[in-house]
Amino acid sequence: MGAALAAIAVAMMATMPLAAASPSAPARTPAGDVHRPQYHFTPARNWLNDPNGLVYYEGEYHLFYQYNPHGDRWGHMSWGHAVSRDLVHWQELPVAIPETDVMAFSGSAVIDWKNSSGLGKGGRPPLIAVYTGHDPRTGSQAQFLAYSNDKGRSWTRYGTGPVLDIDSTEFRDPKVFWHAPTKRWVMVVVMAAENRVALYTSPDLKSWMLASHFGPAGAQGKNWECPDLFELPVEGRPGETRWVLSVNLGDNAVGGGSGGQYFVGDFDGTRFTPDPSWGEAPAWMDYGADFYAAVSWNDLPKSDPRRIWIGWANDWRYAESIPTYPSRGAMSLPRTVALRKTAEGYRIAQAPVRELAGLRSNHRTTSNLRLGEQPVVLAPHGVEGGAVELDLDIDTGTADQLSFVLTDGQGYETLIGVNPTVNEVFIDRTRSGPHFHDGFPNRHVAPVDLRTGRLKLRIFVDQSIIELFVNDGTQTITDRFYRGGGPLSWSAVARNGTATIRTLDAWTLADAGADSSRLARR
């Protein structure tokens, strides 16, 4: 009798609206966490990981994310929810898709413009979420569907079970999009433990047919996760496009733990084929330790041709141990993704979204700042505090290393540096703050051709996050750092020679949370 009642309860839950699991949270919490970013999205409290369901509709960018409504460690996975009109100021909303008989793992959202699913009302297209339902009792992972007819504020699960189930415990993270040439929906999903991507197609988002597989390829590890597939124009080559397939690894990535790689090729609506020039070596999305599970927004308006993605700024090695409170987890900056043809083949380039410029204040410009063995304090040049943007044009000169040193009130140091003799740019956080996990202290390196002695750096620092864009985003390094306490001060130094900062533009960036009440009233 108990089992029968449980089955009836599960069936009833599946067809009921997915009620919010927690009340609407304030955009900010009282001061106290010195690590809380000012212009990167974090929830007011509790655990956050992978971005989910990125979709744009009627003036709002939707950011769903893996969320634990009940604590600051992984568990009870549900879809948290925030919206923005500019990708900068976010309003946190109630939980969108809560844990029910299954946890709501990662997935994606689309606008069903033609109501192919039949789930729209009143002639308006529904928002459709396709996500992995994880059964904690059996470990089963299958793809579920939920829909919303009120701009994502409430969701109803479709049916009493999954829309796609292959009887697997490692089948997750569907990214769904409309493929116009074949007039059907495409799902990209991982067979995680096999390091493989599976592609499915559907006419209505409810019935799915296997089309093809891709992988194993490139970098492999314990699992593949969070795939994406999208078409990009090739910069400087009018009329030429290629498809980018991105896949994240839970471990064994270039930063030593979690990370993402990508492949460039063609997609015919059924099969992804790497470009003939594509080699076996992995192409990395980011060379740091804290850019994971990146996926891109669906349904940007036709007036905005950008491809924009966002990642989780954390690493599974130490994610549950980072010393933040009352929230644990943050997103990267939203980034545009472009595609270029280089001497090495097709490569992506990333840039923070232009909307971030609206946070700038206190602009200072410095020219021909000479660096040597004696550290140069950067506060007189407008570089101070923990929420800054720097744009630098550097001549490495005769130095074999130059570094920007962030020092906290307790003397802990984080380095952003360049080693011209070995063609690398790095972030060194081995002495960033008090020890909290053996997997955290490290130095992360991106290869850069420095034979000309010139390079451009764009640096965003936000209390405990560094996002470093090298040479117009052809390489990036994203790292968290957790200082001991006190304000951050900045200096620059060259070793075994001299170097010159030809131009330095510096801005202070405002707290994006300050405008959340204004956004909520719109």
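Sort the lining of the largest pocket by class and you get 20 nonpolar, 3 polar and 10 charged residues. Here Ala, Val, Leu, Ile, Met, Phe, Trp, Tyr, Cys and Pro count as nonpolar, Asp, Glu, Lys and Arg as charged, and the others, Gly among them, as polar. Keep in mind that this is a predicted model, where local features need pLDDT of at least 70, side-chain atom pairs count only at pLDDT 80 or more, and totals for chains, interfaces and linings use all residues. Residues are numbered from 1 along each chain as its sequence is written, and side-chain values use heavy atoms, with hydrogens and water left out.

The largest pocket holds about 1000 Å³ of space (the space filled by probe spheres set on grid points, which are joined across faces, edges and corners). Its lining runs to 33 residues, and Trp178, Asn298, Asp299, Leu300 and Arg307 sit closest to the centre. A pocket is an open set of points on a 1 Å grid over the protein atoms alone, where a 1.4 Å probe fits, with protein on both sides within 12 Å along at least five of seven lines; lining residues have an atom within 4 Å of a point. Strand 15 (224–233) is among the strands that give at least two residues to this lining, and its 5 residues make up the largest share. Strands are DSSP runs (E, at least two residues), numbered from the N terminus.

Now for the second largest pocket, with about 570 Å³ of space. Tyr287, Glu344, Arg347, Thr474 and Gln475 lie nearest its centre, out of 24 lining residues. Strand 24 brings the largest share, 4 residues. By class, this lining has 12 nonpolar, 8 polar and 4 charged residues.
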